[in-house]
Amino acid sequence: MKRKTLFWIVLFAVLAAASAGMYLLRGGAGGTVAAVYVDGELRDRIDLSAAVIPYELTVETEYGYNTLRVSHGAVEVAEADCDEQVCVHQGAIRDSLVPIVCLPHRLVIQIEEPEP
Amino acid sequence: MRGTKKLVFMALLAAISLVVWVIEAQIPAPIPVPGVKLGLASVVTLTAMALLGRKEALAVLLVRIVLAGVFAGSFSAILFSLAGGLLSWLVMALTLGLFPENRLWVVSVFGAIAHNAGQLLAAMLVTKTTALIAYAPALLCAAIVTGAFTGAAAQALQKPLRGHIR
């Protein structure tokens, strides 16, 4: 194998490993409030610590609806009438690092970082 | 290659990439990160670029994106495909001349990174939230892996196809 080819293989392997590590080994900043944004505007704030008994909540937008399942410390999209269902397949989130996104409905669910 | 023969070859490439795209859309995503997929249609874009030229690859890409949007039945799908596809095309067009044929896969990796960056930016514009940047490392990692794979596939196609396009 040529040295130049090896250089690119090593470079990309390191970059891929570093970014995967950054994503997977991120520190968990667990919050208790889930903020629901539609079109970049705050639509709803859900207190996850208060949800002792899981319940469902439907967010209606001009683009369609998303039914959220709220349980203690976690939130997920249980059902949505979008054609991609990416948000449904994503499952529940428990920390502030990665939001749930439903692009067709311009919806973002983000767990807020706890106040210091 | 020129004239009618080239036109037919480009139409063939557009048709192939469309079929590949439709089939790939039926396969559920293997990782729970929104937007991650193999991007098999980019094998065709890169093949077209290396064999025929940058403009020809852009034509094949645009035909595929518009027709795929019609098949998927959503306008926003076209918008996201354009954001990723055009940025990817631009980066591959700029880097194609820098690498010999046996390192075509490197061009593909750069293209894949640009594709995912373009889609992430489009998603951030659409939702008007910067929180999506949290996905950037996952998308970068996915782009390197998928880009290397599709690039290797396009690279393997060079020699067998080159004999046929005189």
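Biologist: How many residues does the contact take from chain A, and how many from chain B?

Modeller: This is a predicted model. The contact takes 27 residues from chain A and 23 residues from chain B. A residue is in contact if its C-beta atom lies within 7 Å of another's.

Biologist: Which elements give two or more residues to the side of chain A that touches chain B?

Modeller: Helix 1 (3-24), helix 2 (86-90) and strand 7 (107-111) of chain A. Helix 1 of chain A gives the largest share, 10 residues. By class, that side has 16 nonpolar, 7 polar and 4 charged residues.

Biologist: What makes strand 4 and strand 5 of chain A a pair?

Modeller: Pairing needs at least two bridges. Strand 4 (residues 64-71) and strand 5 of chain A are joined by 6 bridges, so they pair. They run antiparallel. S71(A) stands opposite A74(A) in strand 5.

Biologist: Why are strand 3 and strand 5 of chain A called edge strands?

Modeller: Strand 3 (55-61) and strand 5 (74-80) each pair on one side only. The open sheet has the order 3-4-5, with antiparallel pairing. The twist averages 30° from one strand to the next.

Biologist: Which residues have the most contacts inside the largest nonpolar core?

Modeller: V101(A), C102(A), L46(B), V109(B), L139(B) and I144(B). That core has 68 residues. Its largest share, 11 residues, comes from helix 5 (residues 104-127) of chain B.

Biologist: What is C102(A) in contact with, leaving aside its neighbours within four places in sequence?

Modeller: N66(A), V77(A), A80(A), C82(A), C87(A) and L107(A).

Terms used. Residues numbered from 1 in each chain as written. Chains lettered and ligands numbered in written order. Predicted model: local features only at pLDDT ≥ 70, side-chain atom pairs only at ≥ 80, totals over all residues. Helix = DSSP H or I, 4+ residues; strand = E, 2+ residues; numbered from the N terminus. Axes fitted to C-alpha atoms, helices over the stretch in contact; angles between N-to-C directions. Contact = placed C-beta atoms within 7 Å. Nonpolar A, V, L, I, M, F, W, Y, C, P; charged D, E, K, R; others polar. Core = buried A, V, L, I, M, F, W, Y, C linked by C-beta atoms within 7 Å. Buried ≥ 20, exposed ≤ 12 C-beta atoms within 10 Å, placed from the backbone.
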